[in-house]
Amino acid sequence: MKKHARFWLAASVLLSASALLAYDVGDKAYTKKLATNLLEEPKALAKPVAKIDFAAELNVEQVNGAWLLVSAGDNRGWVFAGNVAEKKPSDDYKTSFLPSSASETTASIAARPLDEVAKNYGDQKGLGEAKADVEWVEQQSAQVDDAAVTAYLQAKKLGEYK
Amino acid sequence: MKRVWLVFALLVLAAGTCLAQFSLNGLDPFKLAKDAGTLIKGVAGISLKEENSIGGAVAIEIVARFGGVWKDAAATQRVNIVGKSLTRYCDRQNLDFKFGILNSDTVNAFSAPGGYVFITKGLYDLVGDNDDQLAGVLGHEITHVTQRHALKIIERGDILSGVSSGWSDATAARNDNYAVFGTVVGKGVSTICEKGFDPKTEYAADTGGRALAAITGYAPGGLRATLIRLKMGGTNQTAVIFPTHPSLDKRIKRLPEE
């Protein structure tokens with residue numbers, strides 16, 4: 001019984017997610033990550049068949065749950081709907097991406113720490129304690145890096161790992 | 001031409017008056033007049049660098065107003081893992097989101113430009129170990145950030161339009177003109193903590209947060225369930241719950257049951 005309940009819960013979440021997706025065959029979608037892999041199959045760990053640049057236009061050819069079969073020029077493959085956007089992202093964003101490789105981002109330092117202007121603002125307003133608290137949050141947050149998030153998504157079967 | 005200067009002078013005067021309620025130690029709000037050329041020049045939009053400056057300062061103000069940060073590492077890690085799972089699929093992948101818990105028993109949540117998201121300890125306790133409800137709340141706040149709701153208000157502010165344009169041209173940030181910067185931050189804090197967003201903006205954050213939770217794989221009804229729990233909390237609780245938001249009834253009605 002418990003097994004059935006779990007199945008229906010998972011099915012209803014999946015159906016709800018599909019229902020929330022705004023994509024239909026013939027729609028356009030846009031890449032929003034610095035590089036987006038198109039995959040051979042609608043599975044997170046499937047073989048990549050193409051790598052698409054930021055803010056590229058994709059044609060939606062098929063919808064399978066939360067996965068889209070898309071094409072861009074000569075490239076064609078599957079992409080998780082959460083990895084694309086309905087609207088074209090601002091081109092300005094491309095120059096402001098954070099380094100994503102582990103070698104460039106350590107777990108003990110915030111990837112983008114509290115801005116110097118904000119720090120000075122806190123000091124000038126006598127909010128040094130609150131400033132230190134925000135920095136504590138940043139340190140805690142930095143420990144949850146990309147690898148930890150991927151491991152969590154995989155373990156919980158969330159996002160593209162469902 | 002004279003009229004343009006008159007309007008400009010009034011703008012500077014208005015900004016000074018505004019700053020009287022938002023005092024910055026040792027700074028002269030009327031220093032703005034020295035930056036007349038910059039203010040007239042103006043620049044459309046707020047860059048990411050400026051967004052991070054404003055967001056960091058707004059985050060400091062939020063923390064100061066709500067009892068500081070609750071330094072429970074395990075709880076903070078949990079909020080970050082759920083929050084960052086959601087932001088993996090949000091529409092602004094160039095932001096560095098941070099999630100913290102405010103040491104306050106009130107039940108509320110806030111976000112600041114640049115990716116700062118806070119929930120109060122009261123709200124953290126209310127959702128308990130239910131990740132779907134936590135994701136619903138965080139998704140709502142993440143959507144405020146990705147859709148630049150606070151920044152849009154700063155950019156279109158009546159009195160501040162000239163001031164924020166001048167600031168975005170960077171004199172404030174780079175030449176220590178914190179009078180201008182303080183005005184911009186004050187506008188953000190006032191919107192986020194006091195006046196609140198208009199109902200249309202809140203509904204957009206509800207819809208966006210629900211969609212983000214769903215695509216990440218959380219139950220899409222998490223936010224709605226949290227709002228229902230808030231409503232059932234009774235008068236004493238709802239008096240301090242999201243005082244800046246539209247009524248809970250209206251928000252619950254607008255969200256699908258699942």
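Which residue stands opposite Phe118(B) in S3(B)? Phe110(B) does. The legends below describe close-up views of a predicted model.

**View 1**
Strand S2 (residues 109-112) of chain B and S3(B) are joined by four bridges and run antiparallel. The two strands form a hairpin, with three residues between them. Gly114(B) lies in the turn and has a positive phi of about 90°. Across this pairing, Phe110(B) faces Phe118(B).

**View 2. Strand S1 of chain B beside S3(B).**
Strand S1 (residues 98-102) of chain B runs parallel to S3(B), and five bridges join the two. Here Phe99(B) stands opposite Val117(B) of S3(B).

**View 3. Burial of S3(B).**
Strand S3 covers residues 116-120 of chain B, and five of its five residues are buried, so the strand is largely enclosed by the rest of the structure. Both of its faces are covered. One side carries Tyr116(B), Phe118(B) and Thr120(B), and the other carries Val117(B) and Ile119(B).

**View 4. Helix H6 of chain B.**
Helix H6 of chain B spans residues 131-146, 16 residues in total. From first C-alpha to last it reaches 21 Å, close to the 22 Å expected at 1.5 Å a residue. Of the 16 residues of H6(B), 15 are buried, so the helix is largely enclosed by the rest of the structure. Arg148(B) follows H6(B) and has a positive phi, near 55°.

**View 5. Pro246 in a loop of chain B.**
Pro246(B) is found in the loop between helix H13 (235-238) and helix H14 (248-254) of chain B. It has 18 C-beta neighbours inside 10 Å and so counts as partly exposed, since a buried residue needs 20 or more. Leaving aside residues up to four places away in sequence, Pro246(B) touches Pro199(B), Glu202(B) and Arg251(B). Pro246(B) and Arg65(B) are 181 residues apart in sequence, and their C-alpha atoms are 22 Å apart in space.

**View 6. Helix H2 of chain A.**
The buried residues of H2(A) include Val117(A), Ala118(A), Tyr121(A) and Gly122(A). Seen down the helix axis, the buried residues fall within an arc of 140°, so they line one face of H2(A). Gly126(A) follows H2(A), and its phi is positive, near 70°.

**View 7. The contact between chains A and B.**
Chain A contributes 47 residues to the contact and chain B contributes 43 residues. On the side of chain A that touches chain B, the elements giving two or more residues are helix H1 (2-20), helix H2 (116-124), helix H3 (128-142) and helix H4 (146-156) of chain A. H3(A) gives the most, with ten residues. By class, this side of chain A has 26 nonpolar, eleven polar and ten charged residues.

**View 8. Confidence along chain A.**
The mean pLDDT of chain A is 85, and 80% of its residues reach 70 or more. Over residues 13-19 of chain A, pLDDT stays under 50, and the model has twelve contacts beyond four places in sequence for this stretch. Over residues 101-108 of chain A, pLDDT also stays under 50, with ten such contacts.

Conventions. Residues numbered from 1 in each chain as written. Chains lettered and ligands numbered in written order. Predicted model: local features only at pLDDT ≥ 70, side-chain atom pairs only at ≥ 80, totals over all residues. Contact = placed C-beta atoms within 7 Å. Nonpolar A, V, L, I, M, F, W, Y, C, P; charged D, E, K, R; others polar. Expected span 1.5 Å × (residues − 1). Buried ≥ 20, exposed ≤ 12 C-beta atoms within 10 Å, placed from the backbone. pLDDT = per-residue confidence, 0-100. Pairing = 2+ DSSP bridges. Arc of directions from axis to C-beta.
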